[in-house]
Amino acid sequence: MVAITDAHDDLIHDAVLDYYGKRLATASSDKTIKIFDIEGTENYKLVETLVGHDGPIWQVAWAHPKFGSILASCSYDGKVIVWKEQPDSRWSEIATHAAHSASVNSVSWAPHELGAVLLCTSSDGKVSLLEFNDDGTTSHVIFDAHAIGVNSASWAPLGASSAKDVGKQQRRFVTCGSDNLAKIWRYDATSNSYVEEATLAGHTDWVRDVAWSPSILVRSYIATASQDRTVLIWSQDSQGVWQKQPLTPEPFPDVCWRASWSLSGNILAVSGGNNKVTLWKENLKGDWMSAGEVEQ
């Protein structure tokens with residue numbers, strides 16, 4: 001385990017490894033992003049400090065390496081900044097996305113087969129998609145998603161579609177908000193817009209995070225984590241209707257902040273206000289069982 005101490009001067013809100021697990025990006029209330037080279041399990045080196053936001057930085061997200069060494073960040077200042085490492089190893093801003101009127105709470109890159117598309121959610125109740133076009137320009141769409149703020153979003157896996165079949169029509173994602181709901185969206189070619197496909201209602205307080213399992217080898221799952229101290233697992237029945245299943249019989253001891261799937265999609269990690277990370281795995285009966293706990 002690599003322990004990086006004194007990295008920031010204030011709270012750290014996010015820490016994300018790149019595709020190869022060789023670089024770590026951290027985001028903080030000190031308005032900076034730090035990038036570290038990670039060597040093995042003990043050594044690390046600070047290689048860059050990115051400054052550009054005017055408020056706490058909530059989240060960072062690495063793009064797929066096919067697009068280069070690119071990192072996106074979002075902040076309380078209402079901006080999304082996209083950074084790129086140049087040939088001389090220096091980092092620079094390549095895009096600033098300022099379409100939102102309130103805090104931008106999450107950023108998430110689409111599966112790379114769909115192109116360089118960044119999904120952004122905001123406390124203004126809107127979702128935007130920033131797209132990097134082949135001619136070097138950027139474009140974006142923005143639409144109302146939740147009655148109150150949008151807290152997080154997650155892309156649907158592409159499944160078995162071949163690369164030649166992938167297009168805008170394959171774009172699907174799920175959002176969650178302070179209206180206690182999660183919503184599934186898809187691109188509609190007829191209207192050239194994103195339309196609501198399903199509403200997932202089951203929580204009694206703000207839904208803080210949502211995560212779509214990256215694998216559909218058996219079936220697709222969506223996990224929602226809420227301030228009501230519960231995590232719900234959603235899956236589609238034989239009629240295509242989304243059904244919910246509580247992760248645990250009783251609520252968690254405190255607020256559930258984040259949910260994250262393993263790359264294989266069979267283990268779910270949940271973090272909460274009790275300063276613990278718990279791991280969960282589905283058994284052969286379809287019940288979710290504890291697979292471990294992290295208290296550090």
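In the predicted model, Gln59 stands opposite Cys74, a residue of strand S6. Strand S6 covers residues 70–75 and pairs with strand S5 in the antiparallel sense, over five bridges.

The two strands belong to an open sheet of four strands, arranged in the order S5-S6-S7-S8 with antiparallel pairing. Strand S5 (57–62) and strand S8 (91–97) stand at the edges of the sheet, and each has a single partner strand, so one side of each is left without a neighbour in the sheet. From one strand to the next, the twist averages 25°. In general, the strands of a sheet pair through backbone hydrogen bonds, in either a parallel or an antiparallel manner.

Ser89 is not a glycine, yet its phi is positive, at about 75°. The relative accessible area of Ser89 is 46%; because exposed residues are those over 50% and buried ones those under 20%, Ser89 counts as partly exposed.

A positive phi of about 75° is also found at Arg229, which is likewise not a glycine. Arg229 lies in the loop between strand S18 (222–226) and strand S19 (231–236). With a relative accessibility of 35%, Arg229 is partly exposed.

Definitions and conventions
Residues numbered from 1 in each chain as written. Predicted model: local features only at pLDDT ≥ 70, side-chain atom pairs only at ≥ 80, totals over all residues. Heavy atoms only, no water. Pairing = 2+ DSSP bridges. Axes fitted to C-alpha atoms, helices over the stretch in contact; angles between N-to-C directions. Buried < 20%, exposed > 50% of the residue type's maximum accessible area, 1.4 Å probe, protein only.
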